[in-house]
Structures are given as structure tokens and as C-alpha cells.
Amino acid sequence: MSNLMLVISLVALAIVLILSVVALYYLLKLRELRRRQQSQLEQLEEQGRAQRERVNNSIQVIAAAVVTDEISLTEASIRVSVLLDSLGVEDSVREEFSAFYQLRDATAHIPILDAWKKLPTKQKLALDKEREQHEGKYSEFVLDAAQRIKGRRF
């Protein structure tokens, strides 16, 4: 009976040893997987920071172009509002720079790009006149917002 107990003990010990090796193998695999996930997360965060910086730089370039009259107020408003939205800014920021959103909304019905090119000249002239009226109405407001947004990071 003693030999049988010895054999059973050795088999049990072998099973425990094998299961311990398997558990250790999976533990090491899990650790490596978590390390890779952490590395990927850090890369994504860095890419996100870099993208935010590019968008912030674009906002600064547009704001400077508005102040120096290198871009129309309507185009600047469309671009800045889209960029701010892409950054997911808080409502307080949207309100602070609402001039961009208001002019964008006032001119949203005016076609752009290919749709603009397809319009008859008479309609283009009428829409240009309307756009200029909206820009005149919002010009001080947009120029002030462009000045205030300069140097800001979101």
C-alpha cells in the first residue's frame, strides 16, 4: 500500500507541477499582452496629443489670416467652428467664440466647392452679395473673436 501511495503522490505532484508550469506560461503571456496594450495606448495618446496640436496650430493660422484679411470671414468661421468642434471643446468655449458659429450658420445655405461652380453667374452674384452682408453684420464680432482666440490652446 505504501508503494501505491507513493505512486499516487508522485502523479499528483507531477500534475500540480504541470499545471503550475501551464499557469506560469499563461501568466507570462498575459503580462506581455498587457505590456503591449499599454504601449499601444501610450502611442494612441501621443498621436491624439499631436493631432490636437495640429488642430490648435490650424486655428492660430486661420485667426491670424482673419486679422490680416487674407481669408474671408465666412471661410474662417466655417473652418474655426469645425476645428473647435473636432477638439470637443466645452460649451463655454463655443459660447465665447460664438461669432464663428453664428456667421457659419448664417451662411450655411450657400453652396461650396463643386455645388458653387455649378451655379449660374447671376445666382453666384446674389449669394456673394448676401454673404458680404452677413460678413458685414458679424465682422466686428468675428474679428474680435479672432483676436481673442490667438494664442489659445484647446
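## Tyrosine pair

A residue counts as exposed when its relative accessible area is over 50%, and as partly exposed between that value and 20%. In this predicted model, Tyr26 has a relative accessibility of 54% and is therefore exposed. Tyr25, with a relative accessible area of 46%, is partly exposed.

The structure contains two aromatic pairs. One of them joins Tyr25 and Tyr26 in an edge-to-face arrangement, with 5.2 Å from centre to centre and 75 degrees between the planes.

## Phenylalanine pair

Phe97 and Phe154 also form an edge-to-face pair, because their ring planes stand at 85 degrees, with the centres 6.0 Å apart. Phe97 belongs to the loop between helix H3 (91-96) and helix H4 (98-106), and Phe154 to the segment after helix H6 (121-149), so this pair ties together parts that are 57 residues apart in sequence.

## Packing of H2 and H4

Helix H2 (residues 73-87) and H4 have axes that come within 8 Å and cross at roughly 120 degrees. The two helices are therefore oblique to each other, and their crossing is left-handed.

On the H2 side, the contact involves Leu73, Thr74, Ala76, Ser77, Ile78, Val80, Ser81, Leu84 and Asp85; these meet Ala99, Phe100, Tyr101, Leu103 and Arg104 in H4. Tyr101, one of these H4 residues, also has Arg94 over the face of its ring, at 4.3 Å from the ring centre.

Note on methods
Residues numbered from 1 in each chain as written. Predicted model: local features only at pLDDT ≥ 70, side-chain atom pairs only at ≥ 80, totals over all residues. Heavy atoms only, no water. Phe/Tyr/Trp six-rings, centres within 6.5 Å; stacked < 30°, edge-to-face > 60°. Buried < 20%, exposed > 50% of the residue type's maximum accessible area, 1.4 Å probe, protein only. Helix = DSSP H or I, 4+ residues; strand = E, 2+ residues; numbered from the N terminus. Lys NZ or Arg CZ within 6 Å of the ring centre and 35° of its normal. Axes fitted to C-alpha atoms, helices over the stretch in contact; angles between N-to-C directions. Parallel < 35°, antiparallel > 145°, perpendicular 65-115°, else oblique. Left-handed = near helix turned anticlockwise from the far one by under 90°. Contact = heavy atoms within 4.5 Å.
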